[in-house]
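Subject: Structure handover

Hello,

Here is the structure for you to look through. My notes on the findings follow below.

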Amino acid sequence: MLTRMPSRHALTAVLGLLALTAALLTAAPPARAAVPAFELRPLVPAGPDHQERLRAEVEYWTLGKMADAGLNNEDRDATAPPGGWDDLSRPWPREHGRISRTAGKIFMEYTDVETGATSTSSCSGNVVSSANRSVVLTAAHCLRIHTPLDVGFGNVVATNMVFVPGFDGANLPRDTSSTRLPGKDIAPYGVWGVTRQWITHTWSRSADWLLGRDMAAVVVANPDDPRPIAEVTGGQEVAFGQPQNQTHHVFGYPTINERNHYRPGNVPAALQRTFDGRGLMVTQGTTHNDPVYYNDVLAGAQSPGCSGGALLQNFDPATGAGVQVGVFSRYDDPAQIIGILGWVQGPNMSSTHFGAEEQAVYNAAQAASPA
């Protein structure tokens, strides 16, 4: 692992090598046959007890469990940088446009495959237009992670997952012992249980960011509402194989500040900020395709919790509508080759760019029944 800033000459050499790698490997990826999506074990299988199990999945998420999984553990609210919020990240106005309904917070309970131990966390997701009007897109690592030698994240799968479109945590108490269920102030469009889940073929083989393709689609249903979710919230359009190096917006619910990618010397104090997981944030700017993965890299400052958040092109701030072309995956990290660019360019957010594998995942989800 690299632990110090490389010299200018070393950076020049490495960047030259990465530029060559980009030209040869990923700047213009060749067309290839689509590989099938990989379906993980259904969380709420079809059957005579489907509705009962769906309700149990949704009602597991009390206010206390949501606070524990979805708020920061620092007893502090989000704080803007000294100069105020900026394009690196800023709060999105509540109830403003379609994105305030389609974007939402995902709550997950994980089970360790090796030990059976459980843990909880949160991610971001977005409702998209689909044939069954029931598809939410997110990052594959929100569903399944298996890091080498089980170091770091370990070997975990999501065994309980819900999606809260338009999540508003302003009134979510930090009391992790509360057994009350969320009301309309926190879940204005209800709490939706994830019934089935798909990840890319690549992520099914390497669920550790090594090979990329960090994207997933889930199908959701609500035990208290027979309508499909897109009939309730609307859905953002989705597209695949779109040109890169465009103006994009990323929407998510950043939470975890101890991994907020503010490394010494990387981000000036005037740009540092904190998040609490309570509200939807937006980052905007021009992306570039990275030289290692088929990703869209954007200068941005959202923290973990934003994982799975929508990357939108042609976004109209007045209507809150755009076209989803990716999902946020990770940050440029010095432990990875692409992280060297992060040292030069400041905080970077890297999103999986939708191609053939992601289209296969979306098609599998939209063809499925929520039950």
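A residue counts as buried when its relative accessible area is under 20%. F107, at 0% relative accessibility, is therefore buried. F167 is at 3%, so F167 is buried as well. Please keep in mind that this is a predicted model.

Aromatic rings

A pair of aromatic rings is described by the distance of the centres and the angle of the planes. There are eleven aromatic pairs in the structure. W92 and F315 are both buried.

F107 and F167 also form an edge-to-face pair, at 5.7 Å centre to centre and 70° between the planes. Here strand β3 (residues 103-112) holds F107, while F167 is in the loop between β7 (155-165) and β8 (192-199), 60 residues apart. Ring pairs join F107 and F167 with Y60, W61 and Y253 in a cluster. Over the ring of Y60 sits the charged end of K65, 4.7 Å from the ring centre.

How many cavities of 30 Å³ or more does the structure hold? It holds one. The volume of the largest cavity is about 40 Å³. Its lining consists of W209, G212, R213, D214, Y293, N295, S329, R330 and T352. Of these lining residues, two are nonpolar, four polar and three charged.

Regards

Terms used
Residues are numbered from 1 along each chain as its sequence is written. This is a predicted model: local features need pLDDT of at least 70, side-chain atom pairs count only at pLDDT 80 or more; totals for chains, interfaces and linings use all residues. Side-chain values use heavy atoms; hydrogens and water are left out. On a 1 Å grid over the protein atoms alone, a cavity is a set of points where a 1.4 Å probe fits but cannot get out, and a pocket is an open set with protein on both sides within 12 Å along at least five of seven lines; lining residues have an atom within 4 Å of a point. Grid points are joined across faces, edges and corners, and a volume is the space filled by probe spheres set on the points. Ala, Val, Leu, Ile, Met, Phe, Trp, Tyr, Cys and Pro count as nonpolar, Asp, Glu, Lys and Arg as charged, and the others, Gly among them, as polar. Rings of Phe, Tyr and Trp (its six-membered ring) pair if their centres lie within 6.5 Å; planes under 30 degrees apart count as stacked, over 60 as edge-to-face and the rest as tilted. Buried means under 20% relative accessible area, exposed over 50%, partly exposed in between (1.4 Å probe, protein chains only). Helices (H or I, at least four residues) and strands (E, at least two) are DSSP runs, numbered from the N terminus. A charge sits over a ring if NZ of Lys or CZ of Arg is within 6 Å of the ring centre and within 35 degrees of the ring normal.
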